[in-house]
Amino acid sequence: KTLLEWIGDPDPIVRRDAAMSFGLVDPTTESMKALSHSLQDSDIYVLRASALSLATLGRKEGIPQLIESLKFPSIDTIEYYDQELVKELAFFCGTDFSGDMRYDYTTWKRWWDTNGDKIDLNQNLIIKKRIEGAFAKEDGHQGLVILDNLLTEYPENKVIKSRYKKYCQEWITYKLLTRKHINRDTLKK
């Protein structure tokens with residue numbers, strides 16, 4: 001079977017996996033139509049996977065569906081090893097919220113209603129790739145340079161700020177845990 005066949009499968013797990021897979025391959029007219037159609041799926045996980053793939057492929061129509069899906073709490077909408085749905089939503093929108101507001105449907109809905117037409121999803125996807133590139137660097141200093149450059153280019157982007165903070169926390173923790181001797185210079189950094 002092809003992904004186009006699987007996205008219409010009676011099993012929602014198969015449909016969800018097919019929808020997720022569309023976000024990993026080059027889009028075609030048929031795949032985009034299938035994903036758009038899947039935004040009407042009765043299974044919340046199929047809907048989320050379809051919306052996530054659409055947004056990943058640069059289609060803003062997936063974002064309101066991701067926000068709507070926050071009404072249904074599950075493991076992918078709460079903090080879960082930094083892989084939660086709202087992290088992706090923050091990347092797509094170029095904004096982030098602190099604390100519990102980050103997971104709140106009403107907060108995101110209000111923000112989208114006011115700002116949704118102003119976001120540049122393609123730019124935000126490029127920023128997302130650059131941030132992911134910073135986190136992938138083995139040399140922590142190289143990652144910091146990437147994030148510093150992003151902050152200089154987009155000083156108001158809240159996602160860059162929050163991911164920079166997370167990067168620094170992880171980098172510092174790693175450095176502290178792997179050093180034989182911790183000196184004041186290390187702590188200062």
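Visitor: Which way do helix 8 and helix 9 run relative to each other, roughly parallel or roughly antiparallel?

Guide: They are roughly antiparallel (angles under 35 degrees count as roughly parallel, over 145 as roughly antiparallel, 65 to 115 as roughly perpendicular and the rest as oblique). This is a predicted model, in which local features need pLDDT of at least 70, side-chain atom pairs count only at pLDDT 80 or more, and totals for chains, interfaces and linings use all residues. Residues are numbered from 1 along each chain as its sequence is written, and side-chain values use heavy atoms, without hydrogens and water.

Visitor: At what angle do the axes of helix 8 and helix 9 cross?

Guide: The axes of helix 8 (residues 121–136) and helix 9 (residues 140–153) cross at roughly 155° and come within 8 Å. Axes are lines fitted to C-alpha atoms, for helices over the stretch in contact, and angles run from 0 to 180 degrees between N-to-C directions. Helices are DSSP runs of H or I with at least four residues, numbered from the N terminus.

Visitor: Which residues of helix 8 make the contact?

Guide: Ile127, Arg130, Ile131, Gly133 and Ala134 do, against residues of helix 9 that include Ile146 and Leu150 (contact means heavy atoms within 4.5 Å).

Visitor: Which residues of helix 9 are buried?

Guide: An α-helix has 3.6 residues a turn, so residues three or four places apart point the same way. In helix 9, Gly140, Gly143, Leu144, Leu147 and Leu150 are buried (under 20% relative accessible area, with exposed over 50% and partly exposed in between; 1.4 Å probe, protein chains only). They cover an arc of only 120° around the axis, so they lie on the same side of helix 9. The arc is that of the directions from the helix axis to the C-beta atoms. The face turned away from this buried side carries the exposed His141 and Thr152.

Methods: Helix = DSSP H or I, 4+ residues; strand = E, 2+ residues; numbered from the N terminus.
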